[in-house]
Amino acid sequence: MNPPFATQLKANCTSPTGADNTVAQDYKTPNQLDNQYYWNVINHKVLFASDAALLKSGDTAGLVYAAALFQQEWEDRFGKAMVKMGGVEVKTAAIGEIRKKCGYVNKPYSG
C-alpha cells in the first residue's frame, strides 16, 4: 500500500468514541458506481491485501488495467455480471442448508 495513503487511512479510521472507525473502500468516488476502484488498485491506494494482489498475476493485472482504461467495457461487463447474479436462487432451509459458519457443513440435526 502507498505509505502516505496508509497514514491518511489510519487518521481517518479513528473516531473519538470508536463508534465509527470506517473509511470508504473507494476513496476518490465513494458514492459513484464507476471503475475508479481499478485506478486505485493501480495506484496502490486500496484497503485490502487481496486488492493489491490483483497486480501480482499477469492474468488479473491485465483485467485490472482493462477495467481502468475502458470505462464503457467495464460498465457492460458489470451490468452482465449483475444480471447473472440476479439469477442465483436464494437458499432457504427448505431447499438448502444455511450454514452457521461458511467453511463448515452444519452437524446433522439429531432431534
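1. A52 comes out as partly exposed, at 31% relative accessibility (buried is under 20% relative accessible area, exposed is over 50%, and partly exposed is in between, with a 1.4 Å probe and protein chains only). A52 sits in helix α3, residues 49-52 (helices are DSSP runs of H or I with at least four residues, strands are runs of E with at least two, and both are numbered from the N terminus). Between the C-alpha atoms of A52 and G96 there are 35 Å, with 44 residues separating the pair along the chain.

2. A word on the source: this is a predicted model, in which local features need pLDDT of at least 70 and side-chain atom pairs count only at pLDDT 80 or more, while totals for chains, interfaces and linings use all residues. Residues are numbered from 1 along each chain as its sequence is written, and side-chain values use heavy atoms, with hydrogens and water left out.

3. Have a look at H44 in the loop between α2 and α3. Its phi is near 60 degrees, a positive value in a residue other than glycine. H44 is partly exposed, at 44% relative accessibility.

4. Now the largest pocket, with a volume of about 240 Å³. A pocket here is an open set of points on a 1 Å grid over the protein atoms alone, where a 1.4 Å probe fits, with protein on both sides within 12 Å along at least five of seven lines; lining residues have an atom within 4 Å of a point. Points are joined across faces, edges and corners, and the volume is the space filled by probe spheres set on them.

5. Which residues line the largest pocket? They are Y38, L54, T60, L63, V64, A66, A67, F70, E73, W74, R77 and F78. Two or more residues come from each of α4 and α5 (71-86), and α4 gives the largest share, five residues. By class the lining has nine nonpolar, one polar and two charged residues (nonpolar means Ala, Val, Leu, Ile, Met, Phe, Trp, Tyr, Cys and Pro; charged means Asp, Glu, Lys and Arg; the others, Gly among them, are polar).

6. E73 and R77, both in that lining, also meet through their side chains in a salt bridge at 3.8 Å, N to O. The rule asks for a side-chain nitrogen of Lys or Arg within 4 Å of a carboxyl oxygen of Asp or Glu, and by this rule the count comes to one salt bridge. E73 and R77 are about one helical turn apart because they are four residues apart in helix α5. E73 is partly exposed, with a relative accessible area of 38%, whereas R77 is exposed at 52%.

7. On the surface, W39, Y65, L69 and F70 form a nonpolar patch with about 410 Å² of accessible area together. Patch residues have over 30% relative accessible area and no salt bridge; nonpolar side chains (Val, Leu, Ile, Met, Phe, Trp, Tyr) are joined within 5 Å, like charges within 9 Å. The areas come from the Shrake-Rupley method with a 1.4 Å probe, and for residues only the protein chains shown count as cover.

8. W39 lies in helix α2, residues 36-42, and is partly exposed at 31%. L69 belongs to helix α4, residues 58-69, and is exposed at 52%.
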